[in-house]
Amino acid sequence: MIAIIAEKPSVGMDIARVVGADTRNDGYCSGNGYMVTWALGHLVSLAIPDTYGYTKTAEEDLPMLPDPFRLVSRQMRTDRGMVTDIAASKQLKVIESVFNRCDSIVVATDAGREGELIFRWIYDFLGCTKPFRRLWISSLTDEAIRKGLEELKDGSEYDSLYTAADSRAKADWLVGMNASRALAIVSGSSNNSIGRVQTPTLAMICSRYRENRSFVSTPYWQLHVTLNGGTSHRRFFHPATFDDRQKAEAAYRSLSPDSSATVTKVERRKSLQQPPLLYDLTALQKDCNVHLDLPAAKTLDIAQSLYEKKLITYPRTGSRYIPEDVFAEIPKLLAFIGALPEWKGKVQPKAVPTRRSVDGSKVTDHHALLVTGEKPLFLSKEDNTVYQMVAGRMIEAFSEKCVKDTATVTAECAGVEFTVKGSVIRQAGWRAVYGEEDKEETAIPGWREGDTLTLKGCSITEGKTKPKPLHTEATLLSAMETAGKDIEDDALRQALKDCGIGTPATRAAIIETLFKRGYMERCKKSLVPTEKGLALYSVVKTMRIADVAMTGEWEKNLARIERGELPADTFCKEIEAYTKEITSELLSCDKLFARRDSGCKCPKCGTGSMQFYGKVVRCDNADCGLPVFRLKANRTLSDDEIKELLTDGHTKPLKGFKSKQGKSFDAIVAFDGDYNTTFVFPERKTSRKFSGRKK
């Protein structure tokens with residue numbers, strides 16, 4: 001009897017159908033010599049600190065360095081603290097029973113780092129010693145499952161993949177648990193959490209926000225002229241802007257109505273635009289955020305659903321390339337896409353697919369995202385839109401390059417230089433897929449050097465410099481993906497170039513964690529740090545816990561462990577040393593959390609006293625810990641205003657607040673029913689005119 005374990009029930013049942021295990025039981029299927037069971041995601045996890053005896057948040061217990069780490073059945077948070085998840089415990093017993101009744105195991109959890117970890121932790125937790133082989137597939141079609149079962153590999157071939165996943169999980173435990181407890185000790189609150197990837201990501205959000213809000217806009221002026229030659233005219237621009245109004249106006253006055261311009265330089269060349277690479281998960285998430293306003297986590301959920309419906313290949317991929325054997329299937333897949341109503345006429349039947357996305361050396365665990373050739377039936381609007389984005393990108397990626405004729409003409413008028421640029425598309429290629437070729441037609445007349453052009457008009461416009469925009473999920477994903485690009489050290493910057501922080505599979509979860517922790521919020525498409533997020537950032541921004549370069553270096557080392565190039569022990573020793581360092585660093589920052597009594601009782605619990613810290617006022621009752629942040633809409637509440645809020649439940653009307661759009665407003669700060677602070681806007685006084693009544 002052979003056991004097969006999948007990651008989810010739906011995948012397990014698909015595999016059971018393919019192998020003929022058609023008898024459904026509680027938690028598994030059986031038949032035809034197979035017993036097919038499944039996990040429910042992570043059924044086993046690393047034990048919480050209490051398991052090791054760290055039941056209190058105490059400075060003398062830090063840093064916590066378990067040796068060895070212990071595995072426990074999945075826990076869930078309740079009002080009574082962490083308790084064992086009954087569903088997880090029940091399914092583990094089913095899996096143990098299946099393993100005990102079989103001679104060998106086929107591992108069919110998702111073919112990636114986390115999928116490997118899910119199985120190995122279950123295997124170790126149950127104390128199983130049965131031999132196991134690995135099913136490694138990139139698609140869940142029946143054909144892919146059958147082929148994968150014929151090409152099973154010995155489980156030991158994936159030991160380094162498991163080691164990398166296990167090392168990552170333990171590193172996150174060490175950094176997250178110790179740093180969060182250290183911060184709780186010095187801040188007097190357990191409401192904060194910081195982590196190995198989470199905190200550098202928050203630092204990106206906050207530093208961009210601070211840079212944006214502190215930006216001082218400066219004016220500039222630009223000069224342009226309309227020049228006519230023959231039967232054509234074009235608008236030319238002075239190539240540089242003026243930061244001095246008088247200089248700009250002097251240049252403008254030098255242009256008289258009877259001035260003429262002489263063409264001094266003409267550059268014409270053919271420009272080639274290569275087709276875009278296929279999607280990996282991060283590229284798909286970025287485009288879905290830009291074009292569909294979908295959060296990264298939502299895009300991943302949809303992609304995972306499409307994968308489980310056999311419509312696309314494995315979504316948690318970090319590669320944008322495919323190997324040669326997969327390229328052989330592309331003509332058939334393109335023909336399939338071309339038959340879909342959404343892409344009618346977009347795929348040329350006899351065209352030979354281009355090879356820009358074909359490079360087996362750049363394929364890691366899984367190749368780039370592709371459709372599978374299964375018909376996309378009965379999809380929701382959002383699911384279908386994401387599916388069609390993958391299909392459309394395939395057409396683009398395998399289409400011909402776009403060919404343009406570009407021209408730059410430089411002319412001099414009254415001693416001032418002006419230029420105009422334009423292009424004409426000669427071969428639309430991949431840009432025809434979404435009709436983008438129609439947006440760029442700006443033909444330049446056939447002017448030559450020495451030609452004289454007549455001045456038909458001139459103007460001067462004033463603009464203002466703008467700050468870098470706030471991060472969106474798309475730009476944050478890019479920043480996480482390319483973290484380290486601004487590092488001055490050339491060797492380290494190059495090492496992090498293809499790594500960044502987090503992985504394609506985890507970046508969405510990191511972003512969602514920052515929302516759940518209350519560190520940031522969405523304002524339309526922008527990501528805006530909350531007062532809580534900014535307060536945490538102000539404490540950790542200069543510490544190593546917020547160091548993007550350090551986190552990126554670890555991601556690189558985890559990839560080296562996965563490739564078998566770095567011993568896990570070496571990495572773990574680095575993490576332990578770092579954990580000691582950041583724990584000490586955080587514990588020594590108590591000066592940032594120096595407290596003094598406000599003299600006010602806690603309005604929520606009525607027993608604790610509200611303590612002034614630097615940027616927050618907090619209840620000293622550990623069971624309550626009510627926080628009140630001083631910073632409200634770019635205005636810091638004074639001690640007296642805070643005391644008034646704590647005593648009366650509201651302040652008097654206050655001036656000087658600024659909205660996220662930069663507009664000033666007046667408001668009362670008050671507690672709502674849950675003791676969160678909110679703005680109350682006083683009614684405006686209006687004057688009324690009364691006409692006298694005749695008696």
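Residues are numbered from 1 along each chain as its sequence is written, and side-chain values use heavy atoms, with hydrogens and water left out. In this predicted model local features need pLDDT of at least 70 and side-chain atom pairs count only at pLDDT 80 or more, while totals for chains, interfaces and linings use all residues.

View 1. Helices (H or I, at least four residues) and strands (E, at least two) are DSSP runs, numbered from the N terminus. The C-alpha atoms fill a box of roughly 95 × 85 × 75 Å along the principal axes. Of the 695 residues, 50% are buried (under 20% relative accessible area, 1.4 Å probe, protein chains only). Where contacts (heavy atoms within 4.5 Å) link residues at least 6 apart in sequence, 70% join residues at least 24 apart.

**View 2. The largest cavity, with a volume of about 70 Å³.** The count is 1 cavity of 30 Å³ or more. A cavity is a set of points, on a 1 Å grid over the protein atoms alone, where a 1.4 Å probe fits but cannot get out; lining residues have an atom within 4 Å of a point. Grid points are joined across faces, edges and corners, and the volume is the space filled by probe spheres set on the points. Among the lining residues are Val11, Ile15, Asp110, Arg134 and Tyr307. By class the lining has 8 nonpolar, 1 polar and 2 charged residues (Ala, Val, Leu, Ile, Met, Phe, Trp, Tyr, Cys and Pro count as nonpolar, Asp, Glu, Lys and Arg as charged, the others, Gly among them, as polar).

**View 3. The buried residues of helix H15 (residues 507-516).** Arg507, Ala508, Ile510, Ile511, Leu514 and Phe515 are buried. They lie on the same side of H15, because they cover an arc of only 165 degrees around the axis (taken from the directions from the helix axis to the C-beta atoms). Their cover includes helix H6 (198-213), helix H9 (296-308) and strand E18 (520-523). Just after H15, Gly518 has a positive phi of about 75 degrees.

**View 4. Leu536 in helix H16 (residues 531-540).** Leu536 is buried, at a relative accessible area of 4%. Leaving out residues up to four places away in sequence, Leu536 touches Leu183, Ser193, Ile194, Leu202 and Tyr519. Thr199 is 337 residues from Leu536 along the chain, and their C-alpha atoms are separated by 9.2 Å.

Methods. On a 1 Å grid over the protein atoms alone, a cavity is a set of points where a 1.4 Å probe fits but cannot get out, and a pocket is an open set with protein on both sides within 12 Å along at least five of seven lines; lining residues have an atom within 4 Å of a point.
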